[in-house]
Amino acid sequence: NEHQRPRRAHVKPSFTVVIAPYNRGEALERLLGQLGEQTVAASEYEVIVVDDGSAVPVEPRVRELSTPYTLRVITQQNGGPAVARHTGIEAAVGEIIVIVDDDMQIARDFIWAHVSMHRPGMRHVVLGRVTTDPSVRLPLFERYAMAKLDEHAERIANGTDEFVFERRQLDGHRRWPAGGRATTALHNLRAIGWWPPGAWHL
């Protein structure tokens, strides 16, 4: 079930932002507003919202918004964030995929900062530091995990640690870093079989 606004100027976007909200309509609306204030041209990116079976569907709320970018909403039965991200990636038009969680806050240069790290032919994943919406109360384990990720990011920024992105096979499932604020090229995801629905996620 997909709702889509007409594309502006019929320009194919270079980047696709995928958001998989679940029962956070207000936080999602705030995030969509921040995506509309980016320093890159709105014609350069599209936003795909995959409603993962929210109790109150987000599509009617999102449909009322006026955004400078192309906004698409897909509604599906609840399957978890990895499944919803997988759905969004399959529908993506842009070559660079930007994964953002619905409870995050982003700066005006967010998209530029991510996509500027991607050069043609490079096979890597870019992970950003996470700032959550203060109105969203996260479970204890998520707060702990984000605190540890932030500590790790600080060490990387200071040159005292490094990050190695590795695909592993554990218990029959491929495991990945946290989905929020991760970007990679679409050809990388095709090469490894997309974002697997059984992936590890926060």
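**Terms and their grounds**

Me: What is the bridge partner of Val17 in β5?

Reply: The model is a predicted one. In it, Val17 is bridged to Val98 of β5. The strands concerned, β2 (residues 15–19) and β5, run parallel and are joined by 5 bridges. On its other pairing, β5 meets strand β9 (residues 182–185) in the antiparallel sense, over 4 bridges. There Val98 stands opposite Thr183.

Me: What makes β2 and β3 count as paired strands?

Reply: Two strands pair if at least two bridges are found between them. Between β2 and β3 there are 5 bridges, and the two run parallel; they therefore meet the rule for a pair. Within this pairing, Phe15 stands opposite Tyr45 of β3.

Me: Why is the pair formed by Tyr45 and Tyr69 called tilted?

Reply: By the rule for rings, the count comes to 1 aromatic pair. The ring centres of Tyr45 and Tyr69 are 5.6 Å apart and the planes stand at 35 degrees, so the pair is tilted. The cut-offs explain this: centres must lie within 6.5 Å, while planes under 30 degrees apart would be stacked and those over 60 edge-to-face. Tyr45 belongs to strand β3 (residues 45–52) and Tyr69 to the loop between α2 (59–63) and β4 (70–76), so the pair ties together parts that are 24 residues apart in sequence.

Me: Are these two tyrosines, Tyr45 and Tyr69, buried or exposed?

Reply: Buried means under 20% relative accessible area. Tyr45 has 2% relative accessibility and therefore counts as buried. Tyr69 has 0%, so it is buried as well.

Me: Why does Gln77 count as exposed, and why does Ala107 count as partly exposed?

Reply: The exposed class begins over 50%, and partly exposed lies between that value and 20%. Gln77 has 74% relative accessibility, so it counts as exposed. Ala107, at 43%, therefore counts as partly exposed. Gln77 is in the loop between β4 and α3 (81–91), whereas Ala107 is in the loop between β5 and α4.

Me: What does Gln77 touch, not counting residues up to four places away in sequence?

Reply: Gln77 touches Asp52 and Gly53.

Me: Which residues have the most contacts inside the largest nonpolar core?

Reply: That core has 27 residues, and Ile19, Leu32, Leu35, Val47, Val49 and Ile111 have the most contacts inside it. At least two residues each come from β2, α1, β3, β4, β5 and α4. Helix α1 gives the most, with 4 residues. A second, separate core of 13 residues includes Val18, Ala84, Ile89 and Ala92.

Me: What do the buried residues of α1 pack against?

Reply: They pack against β2, β3, α2, β4, β5 and α4 (110–115). The buried residues of helix α1 (residues 25–35) include Leu28, Leu31, Leu32 and Leu35. Val47 is in contact with Leu32 and Leu35, among others, leaving aside neighbours within four places in sequence.

Me: How many of the residues score at least 70 in pLDDT?

Reply: The share is 68%, and the protein averages a pLDDT of 77. Over residues 164–179 the pLDDT is below 50, though this stretch has 35 contacts in the model beyond near neighbours in sequence. Where pLDDT is low, predicted coordinates should not be read in detail.

Technical notes:
Residues are numbered from 1 along each chain as its sequence is written. This is a predicted model: local features need pLDDT of at least 70, side-chain atom pairs count only at pLDDT 80 or more; totals for chains, interfaces and linings use all residues. Side-chain values use heavy atoms; hydrogens and water are left out. Rings of Phe, Tyr and Trp (its six-membered ring) pair if their centres lie within 6.5 Å; planes under 30 degrees apart count as stacked, over 60 as edge-to-face and the rest as tilted. Buried means under 20% relative accessible area, exposed over 50%, partly exposed in between (1.4 Å probe, protein chains only). Contact means heavy atoms within 4.5 Å. pLDDT is the predictor's confidence in each residue, from 0 to 100. A nonpolar core is a set of buried Ala, Val, Leu, Ile, Met, Phe, Trp, Tyr and Cys residues joined through side-chain atoms within 4.5 Å.
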